[in-house]
There are 2 protein chains.
Amino acid sequence: MQAFIEQLRAIVGDAHVLTADADRAAYELDWRGRYKGRALCVVRPGSTEEVAAVVRACVAAKRPMVPQGGNTGLVGGGVPHADGDEVLISLARLNRVRAIDAANNTITVEAGCTLAAVQAAAAAEERLFPLSLASEGSCQIGGNLSTNAGGVQVLRYGNTRELSLGLEVVLPSGEIWQGLRGLRKDNTGYDLKHLFIGAEGTLGIITAAVLKLFPLPRSRVVAWAALASAEQAISLLAAVRSGCGERLTAFEIISRQALAMVLQHIPGTTDPLQDVAPWYVLIELSDPAVEADLQGVLETVLGAELEAGRLLDVVLSASEAQALALWALRENISEAQRIEGVSIKHDVAVPVSSIPDFLQQAGAALQAQFPDVRCVAFGHVGDGNLHYNLSKPVAGDNAAFIAQTEAVNRIVHDIVAALGGSISAEHGLGQLKREEITRYKSALELGLMRSIKEAFDPAGLMNPGKLL
Amino acid sequence: MQAFIEQLRAIVGDAHVLTADADRAAYELDWRGRYKGRALCVVRPGSTEEVAAVVRACVAAKRPMVPQGGNTGLVGGGVPHADGDEVLISLARLNRVRAIDAANNTITVEAGCTLAAVQAAAAAEERLFPLSLASEGSCQIGGNLSTNAGGVQVLRYGNTRELSLGLEVVLPSGEIWQGLRGLRKDNTGYDLKHLFIGAEGTLGIITAAVLKLFPLPRSRVVAWAALASAEQAISLLAAVRSGCGERLTAFEIISRQALAMVLQHIPGTTDPLQDVAPWYVLIELSDPAVEADLQGVLETVLGAELEAGRLLDVVLSASEAQALALWALRENISEAQRIEGVSIKHDVAVPVSSIPDFLQQAGAALQAQFPDVRCVAFGHVGDGNLHYNLSKPVAGDNAAFIAQTEAVNRIVHDIVAALGGSISAEHGLGQLKREEITRYKSALELGLMRSIKEAFDPAGLMNPGKLL
């Protein structure tokens with residue numbers, strides 16, 4: 001064991017092999033405090049070659065490995081198991097922007113760059129890297145790629161997968177796959193990058209990526225609309241899409257319950273509309289042209305919808321400050337929920353057209369089994385992706401309710417599956433849903449996944465016990 | 001052998017197993033007449049279950065299979081080998097549109113639907129299916145998926161890969177993988193659909209797909225601009241993107257040589273501009289809003305470029321008829337070339353920023369070795385994808401030149417590879433480039449591809465000798 005640790009030290013330098021409990025602690029616990037593991041050691045390689053050498057050393061010593069980015073995941077995918085057996089490989093020191101090619105609209109970054117750093121590097125060249133999530137200050141792009149992260153602009157720009165052109169990956173053998181291509185078109189065989197994206201580090205360690213950039217938006221408008229039903233959100237989405245095209249950057253649904261929690265717990269927030277409504281949507285248009293008449297375009301569409309009685313009320317941002325204030329209502333939902341107390345959370349997707357059915361069926365089924373259950377629903381309705389969080393209003397009741405998590409999940413996930421949906425829309429499987437998914441994915445598909453794992457990682461040392 | 005044929009007849013019906021030479025002929029020759037094979041028989045299953053049963057029968061009899069769509073491919077991927085050993089499985093009878101979900105912006109189609117039929121079904125629901133290519137009247141969506149087809153609107157909407165949400169696939173074992181999901185977000189394991197897309201039928205037979213739809217464009221404007229250099233095309237692309245955002249639907253480059261051939265051979269075409277220029281770009285903006293001021297938006301951008309001397313001249317379409325006339329100049333290049341005579345064609349991609357370097361380097365290297373060589377370059381410059389076709393002006397010289405195809409390919413492909421490009425941007429590998437790719441893809445990557453092939457098709461019966 002000591003010889004193995006010495007070998008790692010020889011590769012990355014003494015300072016970058018952490019063995020003391022206190023030094024490892026931050027890497028062994030996920031940020032929500034739900035997964036606590038214990039690693040043999042934490043290794044912090046400083047280059048792709050060092051990652052490869054560390055992997056080869058682990059393979060030689062038959063040591064399992066856990067790659068870790070910013071440790072902001074929600075499913076325990078980057079946290080080691082408790083047995084103290086695994087080598088945790090932190091990618092944090094691979095944090096260089098290797099290149100920006102503005103004419104090709106690409107940026108080449110190392111896995112340990114924070115998402116915010118990638119955004120900033122793009123902005124410095126008058127370009128947008130559109131991936132955006134709450135944890136962007138600390139999450140790392142390697143983790144975003146490994147979990148195919150989503151966020152609030154997927155509707156327009158796609159998931160992390162769609163934003164990726166090429167990858168560099170250290171394979172479970174310790175070999176380096178050089179797939180750092182900056183091409184929009186390349187039909188020369190199986191598209192390997194798509195296997196590594198979303199694989200949660202089980203097929204290899206992503207060390208760098210070529211990502212797509214876009215023109216920097218220079219104007220935007222945000223609307224906050226009140227709706228009588230979730231059905232209206234779906235028809236409004238279609239109307240806004242038809243009327244506004246790809247200017248539509250975000251289309252987020254917020255239940256009254258979710259808004260009420262924000263208004264109660266987050267200082268400085270106010271209800272933008274006078275009357276209470278059961279549902280709201282936040283709509284954002286943006287455009288790279290400075291003088292784009294987004295206000296006019298959106299007013300035309302929403303005016304017609306208002307007149308036809310398909311929305312109850314609406315307000316448009318007249319300034320960037322107002323736009324930010326409306327976004328704050330959406331972005332503070334998670335924080336308000338944290339203050340409110342523990343809840344059972346779901347990250348699900350269904351076809352956009354099935355969102356009303358999902359809400360109706362899940363709400364009714366839960367209410368029947370758990371009277372007074374409080375459903376806080378919000379999310380990326382334009383992607384069919386809802387965050388659907390459940391709690392009971394009274395603390396004592398809630399504790400008993402939380403103890404029923406498995407039964408609650410069964411109700412929600414069974415309805416999602418019956419509607420052709422996904423039980424993990426943007427967070428991945430990790431440790432959290434690795435068993436659960438076996439109920440919903442066919443044995444055939446799980447078998448295909450296992451055959452790929454076997455082909456890439458026959459020794460099974462790469463992030464074992466996650467995803468599969 | 002006869003027993004095997006009888007078994008196939010029992011599955012699909014007598015009328016759908018073709019064994020006579022005359023009946024098989026059309027399936028055994030690709031449309032350009034470059035690949036002539038011989039199949040044991042042609043089988044035309046009418047459902048996914050029949051495809052699966054045919055595959056199981058072939059597996060039991062250890063018979064290799066060749067799936068075929070509209071037989072419009074350019075690399076011989078869907079044509080059998082000459083040994084008369086293979087069962088050609090035509091997907092033409094799987095041609096139902098299974099469902100359209102307008103609110104989810106998805107269409108579910110069977111593999112044998114022609115691309116034009118998919119477009120028409122979408123349009124009937126006021127939606128756009130944006131994949132568009134010259135062969136759209138006869139190519140089938142299963143073939144488009146298996147070759148990850150590109151076309152003229154990739155810049156805005158992506159390749160076939162990006163337009164796909166879910167697949168149904170008959171695996172080489174004869175099992176049916178049900179992956180027909182209509183979800184924008186689904187992070188529950190390895191994304192298998194991306195393995196089958198672009199696999200040219202070597203990992204299984206795609207029988208159906210869920211595809212993305214978009215709002216139907218209701219206004220468009222086309223511009224034809226004359227440029228002094230290819231460099232100017234790259235900077236103009238950046239300017240149009242920044243000024244027009246995602247309204248930009250197409251950005252095609254055309255060399256004077258290519259335009260001259262069209263003007264010479266295609267009746268009714270006229271040069272839209274007075275003076276001769278070395279390069280042209282065709283720019284299209286479109287928008288789902290009827291009254292979108294595309295003309296104004298494009299005039300603003302192009303006016304500034306003209307004033308700054310970054311373009312020589314420009315004309316904008318003032319009517320749909322003018323838009324069509326400008327497009328006809330671009331779309332008739334291949335036909336004009338066919339009339340002009342045989343040439344050595346390349347379908348290559350490089351980073352957009354490297355297009356001027358590619359043109360300069362390839363032109364110089366070819367000229368040095370083959371004086372008077374005529375380079376006809378055109379294509380999807382917004383995707384970094386050029387069709388680069390070479391011939392000699394005098395017929396006798398040209399025959400000698402064509403005999404040097406391998407030497408010419410080496411020059412062009414080596415330069416592409418040195419610029420980090422792809423030797424097959426949108427046509428695939430098939431039989432044509434299956435050997436060639438081994439020069440340019442690393443042994444490691446080819447090994448990973450082979451390990452996937454081995455995992456999915458251990459008997460090696462699914463379209464052998466194509467791609468890999």
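Q: Which interface residues of chain A are also interface residues in chain B?
A: 100% of them are, so the copies meet through the same surface. Contact here means heavy atoms within 4.5 Å. This is a predicted model, in which local features need pLDDT of at least 70 and side-chain atom pairs count only at pLDDT 80 or more, while totals for chains, interfaces and linings use all residues. Residues are numbered from 1 along each chain as its sequence is written, chains are lettered from A and ligands numbered from 1 in the order in which they are written, and side-chain values use heavy atoms, without hydrogens and water.

Q: How many residues does the contact take from each chain?
A: It takes 80 from chain A and 80 from chain B. About 6400 Å² is buried between the two chains, and carbon and sulfur atoms give 56% of that. Buried area is the accessible area (1.4 Å probe) that two parts lose on being put together, summed over both.

Q: And which residues of chain A lose the most area to chain B?
A: Lys185(A), Asn187(A) and Tyr190(A), which together make up 17% of what that side buries.

Q: How many salt bridges between the chains?
A: The count is 12, taking a side-chain nitrogen of Lys or Arg within 4 Å of a carboxyl oxygen of Asp or Glu. One of them joins Arg161(B) to Asp191(A), with the closest N and O atoms 3.4 Å apart.

Q: Which elements of chain A give two or more residues to that side?
A: Helices H6 (154-157), H7 (193-196), H8 (230-244) and H17 (443-456), plus strand S9 (176-179). H17(A) gives the most, with 9 residues. Helices (H or I, at least four residues) and strands (E, at least two) are DSSP runs, numbered from the N terminus.

Q: Changing topic, where is Val314(A)?
A: Val314(A) is in strand S15 of chain A, residues 313-316.

Q: What does Val314(A) touch?
A: Leaving out residues up to four places away in sequence, Val314(A) touches Ala223(A), Trp224(A), Ala225(A), Leu273(A), Leu302(A) and Leu306(A).
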